[in-house]
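Trainee: I'd like to learn how to read a structure with two chains. Can we go through this one together?

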There are 2 protein chains.
Amino acid sequence: MKILECVPNISEGRDAKKIEEILAALKEYPSVKCLNVSSDKDHNRSVITLLGSAEEVPKAMLALALAAIERIDMRRHRGSHPRIGAVDVVPFVPIRDMEMDEAVRIAHDFGRELGEKAGIPIYFYEAAALREDRRNLADVRRGQYEGLAEKLTRPEGKPDAGTAGFNAKAGATIVGARPPLIAFNVNLATTDKAVADAIARAVRFKTGGYKAVKAMGVALEDKGMVQVSMNLVNFKETPIHRVVETIRFEAARYGVQIAECELIGLTPMAALEEVVRYYLQIHDFSLDQVIEAHLLS
Amino acid sequence: MKILECVPNISEGRDAKKIEEILAALKEYPSVKCLNVSSDKDHNRSVITLLGSAEEVPKAMLALALAAIERIDMRRHRGSHPRIGAVDVVPFVPIRDMEMDEAVRIAHDFGRELGEKAGIPIYFYEAAALREDRRNLADVRRGQYEGLAEKLTRPEGKPDAGTAGFNAKAGATIVGARPPLIAFNVNLATTDKAVADAIARAVRFKTGGYKAVKAMGVALEDKGMVQVSMNLVNFKETPIHRVVETIRFEAARYGVQIAECELIGLTPMAALEEVVRYYLQIHDFSLDQVIEAHLLS
């Protein structure tokens, strides 16, 4: 069974009743699970996690997007998080039995249909980007909702799908496909934050480390530890164990040990497949050897 | 969702058509997956692995058992594996969101119903045993089918459920509940089988090792390695990582390293939960953090 995740960010994080009404659109798609809704009043934004089959998730997401666009008016939206539209970002995430190119096709089909039905401009980002300068979400969103009308008049602001004109109520939507993101922290048995900072620099892409790692040092004062706080943005390219073992040998130079690790939120089973392969040295371990996996197909 | 496995052993391993007819009884229960059928001509026996919900698996198993009893005549059965009846052994295995006591209740209900419907004696074993001397399968099966008529005349041979009289065609059935069994091998980078033998003795219960480990040394001549071949009969009591790390430090005394490990067949996801907790030091890691687990509930 092809399993797809979708993590839409919508521009409403304060009005619980309105969020409830928007989520009600999912009732028509009972096979799609809503794993999490995280609303932030300060950001005035909600992040919703949907999970289900590759056929049903895009349909449920379309219903959700149309319900959000009906109820959110960007002309009155204020919030501390950057945003360009009522349905701000829609990333599709392949979880199981599907590759990135399938998620890209789904993102393109979804974006074209949403653009047409809602009468809004659509930009494609990350793996679904049609132009190199739209790969990075922050680049696509630059200028935000307030700069969108003007941006649409410029050639470099021309949308990838949907209407070319400005929709004042709904703004635009940025649709994409990306690998699952794993929020993973390594806590070190020291109170010296400089150690966490130095190790974060060693493992993160920006300063010479692994391609799919974002990292920073954090002091955990209650625990009397420091933390290398990370986003692993592509566990297939840079697997969890390689990051942990690199942190272990870098920490050793300061005489510091790993006290514990933290997995924040969810991980695909496939990320654990490689953990089992590495640590148990089962070179050919496959998720098909997990009994419960047979209930998913 | 409560997930239950059932691994019936039936006394037919030669007649493919008959086995097919018996398995056809499962068609009425499409939610129950038949993960594997392993027929052995020499044993004249088939081992069938069923997986599904705690409600459906016993029903499918009952249909399968009645179909087998209809088609197998023990008066003509010959095979090299010990057996006491047409449906020889029926172990129920709790896989997910259920404890052993629930599997025991299911085994008791199933055994009583099968005994009544098929008119056969039922013995309960392992966690479902009602008498200490019936805990071990080999003890219950002693005397086999050929000794059953006489055994039923003795007080210590009185069945736990079903009919007290001898059913010459079907024999008896031994019904039980047990934890999932993990077949796990550790291959050592040496050709010295004495090393594997010594380590097998160190980790197995019988010779002073871990309670839930059965082990023996094996020479792998093609690979130029030796193997500690194991059955881990209760991964909650004796987890995989503890056995692997014990083998690692015992092998080190001979200057020998672990070359690789092998997982034969299937494992419950829960066994991997503890692998992740130990090796990644995520002390509170839970299977609820695996995205796909949310599609099982």
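Predicted model: local features only at pLDDT ≥ 70, side-chain atom pairs only at ≥ 80, totals over all residues.

Trainee: Which residue forms a salt bridge with B:E146?

Mentor: That's B:R83, with the closest N and O atoms 2.9 Å apart. B:E146 sits in the loop between helix 4 (137-141) and helix 5 (148-151) of chain B, and B:R83 in the loop between helix 2 (56-71) and strand 5 (87-96) of chain B, so the pair ties together parts 63 residues apart in sequence. By the way, helices (H or I, at least four residues) and strands (E, at least two) are DSSP runs, numbered from the N terminus.

Trainee: What is the area buried between chain A and chain B?

Mentor: The size of an interface is often given as the accessible area lost when the parts come together. Buried area is taken with a 1.4 Å probe and summed over both parts. Here it is about 3,800 Å², with carbon and sulfur atoms giving 69%. In chain A, the residues that lose the most area to chain B are A:L280, A:I291 and A:E292, together 19% of what that side buries.

Trainee: How many residues are in contact across the two chains?

Mentor: Contact means heavy atoms within 4.5 Å, and 42 residues of chain A touch 42 residues of chain B in that way.

Trainee: In what order do the strands of the open sheet in chain A come?

Mentor: Two strands pair if DSSP finds at least two bridges between them. The four strands of chain A go 10-11-9-12, with antiparallel pairing. Strand 10 (213-220) and strand 12 (258-264) of chain A each have a single partner strand, so one side of each is left without a neighbour in the sheet. Neighbouring strands are turned by 20° against each other on average, direction ignored; axes are lines fitted to C-alpha atoms, for helices over the stretch in contact, and angles run from 0 to 180 degrees between N-to-C directions.

Mentor: Zoom in on strand 9 (residues 182-188) and strand 11 (residues 225-232) of chain A: they pair over seven bridges, and A:V186 stands opposite A:V228. Helix 7 (residues 240-252) of chain A lies across strands 9, 10, 11 and 12 of chain A, at about 20° to strand 9.

Trainee: What do strand 10 and strand 11 of chain B form?

Mentor: A hairpin, with four residues between the strands; B:G224 in the turn has a positive phi of about 65°.

Key
Residues numbered from 1 in each chain as written. Chains lettered and ligands numbered in written order. Heavy atoms only, no water. Buried area = accessible area lost by both parts, 1.4 Å probe. Salt bridge = Lys/Arg side-chain N within 4 Å of Asp/Glu carboxyl O.
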